Amino acid sequence: MITFDAVTKRYPDGTTAVDALTLEAPTGEITVLVGPSGCGKTTSLRMINRMIDASEGQILLDGVPVSGIDPPTLRRGIGYVIQQAGLFPHRKIVDNVATVPYLLGWDKKKARARAMELLERVGLDPALAGRYPFQLSGGQQQRVGVARALAADPPVLLMDEPFSAVDPIVRTSLQDELLRLQAELNKTIVFVTHDIDEAIKLGDRVAVLRVGGRLAQLADPKTLLSEPADDFVREFLGHDRGIRRLQFVSTKGLRLRTDLTVDDRVASDEPWSLVVTADDRPVGWYAGSRPEELEPYGTFVLGRDSMRSALDAALLSPSGCAVAVDEDGKVVGVATREALDEALAEAADA
């Protein structure tokens, strides 16, 4: 566990970057620090590994004040991932990943074997190990950065806006990869971002900071969205926080129709029919009024995906319906507009 106990960072010119910050980042969870520019997110993160020292208060790592630990020793036991990866340009990828094991005195064979294992774990082709950073894409470099941070198997991982410099598609992929890794490794992670959607997706707990480094609210994402502490938090979350809340509403009990699927373009009393293959995979929506073409569809995995995903799926199709599939991608039913409206009403009353 990482504990901030009334931590303040004040610079010689009188600027207060962090003001009496008190919070806990529980063991094995992702705690996200989020807020506008100038709220002390990165300063708070860097005080954990003593890249910056606190002016007042103390930070404890499993009950031990970090101020009493030699900084190089402290940092070797904490993984650190920064924006744009920060890889050594003159080193091959395998040796970039093995940086901390080398510093800890591991022999080259053992360190490189660990590096190769981690490259695969973060979803990279082992063939990239012999390349240099400039030969990799931005997303690949960020994966290498994560692998390097994990190389010595540290219990704590600090991540300072690690995905902000890549395009949205790669960013989503990296976020999903981090969640997959965390499910396997259960690290204590402190993650800094300015993006509230990223914070809500990744965080077990989210700390919203005000300008000046004061804590505005610390809560799990669902509580944060449903019960913002004040007007500042409410405004920071945005006017669409109700839509964001839907990602915490399960589709498990969503009412489905199973009579809207057909295996060919056949006449029907329904305005829309879903054409499926012989093994129940969706092909497209068939409208009797436009028999010459099939219309696009959107899917969600019933019980796994959220109501937000189901609503997105419905909006992707002119039918206004969302196609529910199982984990294998086979159709299990259709959520109509009426069923989605019912579910949204129930979510609003919850």
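Which residues lie nearest the centre of the largest pocket? In this predicted model, the largest pocket is lined by 24 residues, and those nearest its centre are Asp176, Leu179, Ile200, Lys201 and Gln247. The elements contributing two or more residues to this lining are helix H7 (168–185), helix H8 (196–202) and helix H12 (307–315), with H7 providing the largest share, five residues. The space in the largest pocket amounts to about 670 Å³, and the residues that line the largest pocket comprise eight nonpolar, eight polar and eight charged.

The second largest pocket holds about 480 Å³ of space and has a lining of 21 residues, of which Arg75, Ile78, Tyr80, Val100 and Leu103 are found nearest its centre. Two or more residues of this lining come from each of helix H2 (71–76), strand E6 (78–82), helix H4 (99–103) and helix H6 (138–150), and among these elements E6 gives the most, with four residues.

H7 consists of 18 residues and reaches 25 Å from its first C-alpha to its last, a span close to the 26 Å expected at 1.5 Å a residue. The buried residues of H7 are Arg171, Leu174, Gln175, Glu177, Leu178, Leu181 and Gln182; seen down the axis of the helix, these buried residues of H7 fall within an arc of 165°, and they therefore line one face of the helix. Exposed residues Ile169 and Ala183 are carried on the face of H7 that is turned away from its buried side. The cover over the buried residues of H7 includes both helices and strands, namely strand E3 (30–34), helix H5 (108–121), H6, strand E7 (156–160), strand E8 (188–193) and H8. Of these covering elements, H8 also gives two or more residues to the lining of the largest pocket, and H6 gives two or more to the lining of the second largest pocket.

Regarding the protein as a whole, the secondary structure comes to 13 helices and 17 strands, and the C-alpha trace spans about 75 × 50 × 30 Å along its principal axes. Of the 350 residues in the protein, 45% are buried. Among contacts with a separation of 6 or more, 62% are accounted for by residues 24 or more positions apart.

Methods. Residues are numbered from 1 along each chain as its sequence is written. This is a predicted model: local features need pLDDT of at least 70, side-chain atom pairs count only at pLDDT 80 or more; totals for chains, interfaces and linings use all residues. Side-chain values use heavy atoms; hydrogens and water are left out. On a 1 Å grid over the protein atoms alone, a cavity is a set of points where a 1.4 Å probe fits but cannot get out, and a pocket is an open set with protein on both sides within 12 Å along at least five of seven lines; lining residues have an atom within 4 Å of a point. Grid points are joined across faces, edges and corners, and a volume is the space filled by probe spheres set on the points. Ala, Val, Leu, Ile, Met, Phe, Trp, Tyr, Cys and Pro count as nonpolar, Asp, Glu, Lys and Arg as charged, and the others, Gly among them, as polar. The expected span of a helix is 1.5 Å times one less than its number of residues. Buried means under 20% relative accessible area, exposed over 50%, partly exposed in between (1.4 Å probe, protein chains only). The arc is that of the directions from the helix axis to the C-beta atoms. Contact means heavy atoms within 4.5 Å.
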